[in-house]
Amino acid sequence: MIVRIEKPAHLSAVEKATFVAFVAGAGEVDPETLNVLVERAAALVMLLEGDTIIGTAAIKTPFAAHRQGEFEKATVPKQATAFPLELGWIVVHPDHRRRGHARTLVTAAVQTASSGGLYATTKTDQMRQILEESGFAVQGEPYRSVLNPTVMLTLFGRPESK
């Protein structure tokens, strides 16, 4: 396994398209906006087996309105400015799950943004545990996902390290 961390500008068009297709395939993000968001990312993380992506993560540079909206939904709007970057697109291929790959991806991504405040959202107990182990703490109250209102999301923040 190889962990590859790149700025979007350092990837070829084919590599970016492969990253986008992998993330979109998980069905957790709006595929209509994903290409633009990938271009804005501070770092893309790929877990590779040979030349094949088996996992992804990213340090995203969210639009201010999106970030503010997440913190408002969690009932802590004043905290949004402390977390300018977002950890996200953590996806592991179903054939490679339960092997610690999500933890590897989160660790690699967090290290690329070690000095900036990060936030992340999750719906799973497994990711809650990984985020807490990585220095994140719950921010506010759980809230309903816009993409799937039957799902409750929890907002986590990891303060800027000095």
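Let's start with a term: a residue is buried when its relative accessible area is under 20%, exposed when it is over 50%, and partly exposed in between, using a 1.4 Å probe on protein chains only. Phe83, at 6% relative accessibility, therefore counts as buried, and so does Phe71, at 0%.

A word on the background: this is a predicted model, where local features need pLDDT of at least 70, side-chain atom pairs count only at pLDDT 80 or more, and totals for chains, interfaces and linings use all residues. Residues are numbered from 1 along each chain as its sequence is written, and side-chain values use heavy atoms, with hydrogens and water left out.

Now look at helix H3, residues 64-73; helices (H or I, at least four residues) and strands (E, at least two) are DSSP runs, numbered from the N terminus. Its buried residues are Arg67, Gly69, Glu70 and Phe71. Just past H3, Thr75 takes a positive phi of about 70°.

What does Phe71 pair with in strand S5? Rings of Phe, Tyr and Trp (its six-membered ring) pair if their centres lie within 6.5 Å; planes under 30 degrees apart count as stacked, over 60 as edge-to-face and the rest as tilted. The count comes to 3 aromatic pairs. In one of them, Phe71 and Phe83 are stacked, 5.6 Å centre to centre with 10° between the planes. Phe83 sits in the loop between H3 and S4, 12 residues from Phe71. The partner in S5 is Tyr119, 48 residues from Phe71, and this pair is edge-to-face, at 5.2 Å and 70°. Together, Phe71, Phe83 and Tyr119 form one aromatic cluster.
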